[in-house]
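Hello,

Here is the structure you will be working with. Please open it and keep it in view while you read my notes.

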Amino acid sequence: MPADTRTRRPLAAPQTGRGAAVGMAVLAAATFHAATLVLDAPHHVLAFTAAVVAAGGAVALAAREVARRDWLGPAPAPRWIAVIVGSLLGLTVELAIRSAVGAGIAPEQVPLVVFRNAVLLLALWSHHADARRVGGVLAMFLVVFSSALAETPWILWLVVAFAVSGAWWLVSSYTGSVHRRVVAVDDACRSRGWLAAVPTCLVMALAAVPVTGHRVRALEGFMPTSGGQHRSSPRATSGVGDGDALVAGLDNIRSFAPIDDAPFMTSHEPSLYDLFDDTYSTPRPVRQSDRAISLPPETARAPERHDAATTQKAGREFSLARTAARPDRSAIRDIASPALFHVQGRVPLHLRLEAFDRFDGVEWHAEPPAGGDMIVPRLSIEPVAGRPWLRIESVVARDGYAAPETHAIRVVHLRGNRIPLPNRVTGLHIDRLDRADFFRWAQPGILRLDREQIPELLPIHLQTRVEDPRLRPLVPLFARSGAESYRQYGDDPESAQVRDLVLSWVDGLPAGWPQIERVVERIRTLHTPDPDYRLPADCRHGVAEFLLRARRGPDHLFAAATVWALRALGYPARLVAGFYVRPDRHDRHAGHTPVLADDVHVWAELSTANDHWVTLEPTPGYEVLLPPRSLVERTYDTLLAMARWALDHPLPAAILGAGALLALGWRRRLADLADDLATLLLPLRPGRPTVLHWVSRLERRCRRAGVPRPRHLTPTRWLGEVAGAPVPAALLTLVDAALYAPPQVAIAPAEARAFSTLAGQTWSWARLREEAGRRGRVRHRSTTGSC
Amino acid sequence: MATAVFSTTVTDGDRPAIERVRHRLEGVLKGKPEVVQRVLECLLARGHVLLEDRPGLGKTTLAKALAVALGGSFARLQCTPDLLPSDITGFSIFDQKTREFAFRPGPVFSEILLADEINRATPRTQSALLEAMAERQVTVDGQRRPLTDGFFVIATQNPHEQHGTYPLPEAQLDRFAMKLEIGYPHREDEVAMLAAAVEDQRRQGDADHPLLDRGQLEGIQRRVAAVPVSGAVQGYLVDLARSTRSHPDVALGASPRGVLTWQRVAQARAWLSGRAFVAPDDIQAVAEPVLAVRLGLDRGDAAALVAGLIRQVEVPVAP
């Protein structure tokens, strides 16, 4: 073939790299979200992948539509304004959320949100070369910084996919550039600067990490972080040392949440009783002569059995009588993370550590360890998905408890061998611990490890079930054997007074749950929580003092009063001490809740059939975890709340309702007015874009006015039909020209202006509504056959 | 109201001449402006017309008037079963004087050919028209003989006669741009026709002068072929054509050659409408006659079927 023939041979169509640009944008956004979300289960990753694929498809379709319509036209200025405004929208929303509800994302994520928005918006205009180039650079930034913040290793797959897309984009850009230079246009050289910026920034960013040896320091000064920078943010998800209760960092191992691969360490930590003392102050020395309650012989002997238990504190009593002095907790502020342990899963949660059954008026005595006549579930190891799970009991449907859910706990500072467990744990998993004899029942419902200490930072995974109040009619009460200690009640005058009071509360109520709920409700509503209240020094019966005279006190008085009141009615109950996992400490981003020393708590538990316990929370401000609410229930709750608000605020509700009804009735007209406003405010480019804008607008107006264009008719023909009067042919020809004429057929700006003026008059809202009415009448006549 | 002259309209200097042709044809064929419009579209698109109607409705009159208006030669071919291909194309005869064969051109060498009752000719004879209509040439005795550039065929066939007819094969039908029916005129038009006949006798000869010369028509045809069609409209045209191929009532859908013809006719309609581009309305407007000749449907069936096809395909609303 001659050389000149070869040079004239047409090249293949240039590869613009639009697909690669869209792919890069989606992958960069996915990398950002993967770095900020907690994806620790296969189904999380699967759902995330599905979401990424769906989002990618949506972006690709949107980009195609924008390209097809050439939205905002070929001029770069409107495009860039839209990108900048859209990108900063994320910042505005974040600031609004922070100021309105106090929530928000981590500070280092805020600029990344702006980057993400910019990348996705630029992908929509990826048919323009400048948008592709800038979008590629920003996507590269987003991936680099997101992957630097990420902790999950599988994010590397996203980075690899992004690299492949980037390579595809570079190759496409190169071939496109060659094509332009060889065939016709010589403007391809402008991309060189951008293309050089990409690898330069990438190399600089990546080089910073190995040089400093620390990811956070590599970003120091560029991205705001919390902790480690001597600044703290409640929304922080990274940082070291001096962050808030739950901060992930590399310097202090305690700052990690429950994860299985964290290293172990040892330290001297407080026990539960130390925390009782810290929280409620130390017990007053009990004068034996003060004890006036005569206990039955079996009750009096019970504490002797307690001494045989392996305990962390000799005596193991919980006294209601405490000294007035509060401990100085200044030392706690000095430690890196004040959390005693972390909990992953839904909160609030009551975690048991100690149960008390016998009460002498001032002190509660701990239950004996499980065994003997106490019925406790048999423990066995059962492999689940290749991991050893301690099967505590099998799940039985409709036994008053909701479907199983999972929680995880990692003890950081708490000393002892008892595992903080919520009520009704059906399974427990500790990695590589596959022997059931490693676990022992410390007390009914309370497990301990058969060793002196729970290894620090040991992740404990739990399968738990939550009591469902709606299923309470299904739960049999009091069929339990061997629970006499839970019914122990005093025969002293104070106890008699308490019994009379409680009987007055439940007067007329049938036995069972109505009485129990009434007792809890009365204690909760008639008494005031006062953490600083202490019983008088000469108090002989703490519960009687609380219920009959003080009517205020800390949570252990509420709990003790509840137990004693239930026992007065003959219901078996016990006092439980442990921790309350507060929902207001929940870190929504990390999915963890730190438990601090302040969270030590005492509550009541009611014994039901089959050796189950029901958590009763009498202290105001504390709640019991309820089963997850379904969408229908939440919708119902929302509607109910709205109805209540409307009843409470009739005038604003009536105004709002009337406004909503009017808006609903006039929604089409309002939308059309909004279109009018947008037309006034939007700068329209002269010529064909103006006519196209008006055609699109008239299409919407026809649809809203009730005369939608049939899909097989052209706008020209339809507008001519619905105008209600003869329309100048020139006007319709201009519509045709805007829609169907090739680019070389120009529409003069003066023509477009004339069209704008006439179109609004010719196809006014009133005229189209009139036409819709006329057509409706014609249809009605044709269907009814009337003249 | 807008009085500006929009730049999207065609300002062709030959449009008045075409309008004069239209006026003359409408004067000849009273009350049938839509038929005249179709014939003009075919003429400007360099297509051929198949008229399917009863005798005496003005087919020959229309063809003759068109030939006169265009200033070209006119030939009428009455097709019968014994008509031979050479009767159409012409033949060579031995000249005793020159001792050589001399070619005597047939009626296809005229500019307007009226092939009356074309379906009465045998398939062999019909096929002789194939080359002439498609390529505007005939081959006689192995020698290629070009026809005039403005060669235009108006063929007629009688739909009610079944005996002794030979239905046109699909390949032959595909050479026609349109199939039209003239139909009986309205009463008022018929009265006007009678009055015009008397008037014409008085002013005999007035309507015999041509309104276009050959160069003018060829120029218009070239400009019509260059009327722009946007990609969206072409996509719409192809979608419509493809929908005929999958329709259960259509044995043979529109061919690519038919699509090309369809576009040309739509261009002609756009030009006649004074537009500098083709719109989907042009495609829709000419769909029925263009498809009727290709899909082998009666006129009534074609109208319903084409209307259904048009309803199925969404028109583009973007450039």
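In chain A, 37% of the 787 residues count as buried. Keep in mind that this is a predicted model. Chain A has 23 helices and 17 strands. Take its contacts between residues at least 6 apart in sequence: 74% of these join residues at least 24 apart.

Next, the place where the chains touch. Chain A gives 28 residues to the contact, and chain B gives 26 residues. Helix 21 of chain A has the largest share, with 8 residues. Sorted by class, the chain A side holds 18 nonpolar, 4 polar and 6 charged residues.

Now the cores. The largest nonpolar core has 117 residues. V691(A), L25(B), V39(B), V49(B), L66(B) and I112(B) have the most contacts inside this core. Helix 21 of chain A turns up again here: its 9 residues are the largest share of the core. Leaving out residues up to four places away in sequence, L25(B) touches V36(B), V39(B), L62(B), A65(B), L66(B) and A69(B). Another core lies apart from the largest one. This other core has 80 residues, including F341(A), I419(A), V563(A) and A568(A).

Then find helix 9 of chain B, residues 231-245. Its 15 residues reach 21 Å from first C-alpha to last, close to the 21 Å expected at 1.5 Å a residue. Which of its residues are buried? They are V233(B), Y236(B), L237(B), L240(B), A241(B) and T244(B). These residues cover an arc of only 130° around the axis, so they sit on the same side of helix 9 of chain B. An α-helix has 3.6 residues a turn, so residues three or four places apart point the same way. On the other side of helix 9 of chain B, G231(B), G235(B) and R245(B) are exposed.

Last, strand 14 of chain A, residues 573-581. Why is this strand largely enclosed by the rest of the structure? Because 9 of its 9 residues are buried. Strand 14 of chain A has these two partners. Strand 3 (residues 349-359) of chain A runs antiparallel to strand 14 and is joined to it by 7 bridges. In that pairing, L351(A) has F579(A) as its bridge partner. Strand 16 (residues 600-607) of chain A also pairs with strand 14 in the antiparallel sense, over 7 bridges. There, A573(A) is partnered by L606(A).

Best wishes

Terms used
Residues numbered from 1 in each chain as written. Chains lettered and ligands numbered in written order. Predicted model: local features only at pLDDT ≥ 70, side-chain atom pairs only at ≥ 80, totals over all residues. Helix = DSSP H or I, 4+ residues; strand = E, 2+ residues; numbered from the N terminus. Buried ≥ 20, exposed ≤ 12 C-beta atoms within 10 Å, placed from the backbone. Contact = placed C-beta atoms within 7 Å. Nonpolar A, V, L, I, M, F, W, Y, C, P; charged D, E, K, R; others polar. Core = buried A, V, L, I, M, F, W, Y, C linked by C-beta atoms within 7 Å. Expected span 1.5 Å × (residues − 1). Arc of directions from axis to C-beta. Pairing = 2+ DSSP bridges.
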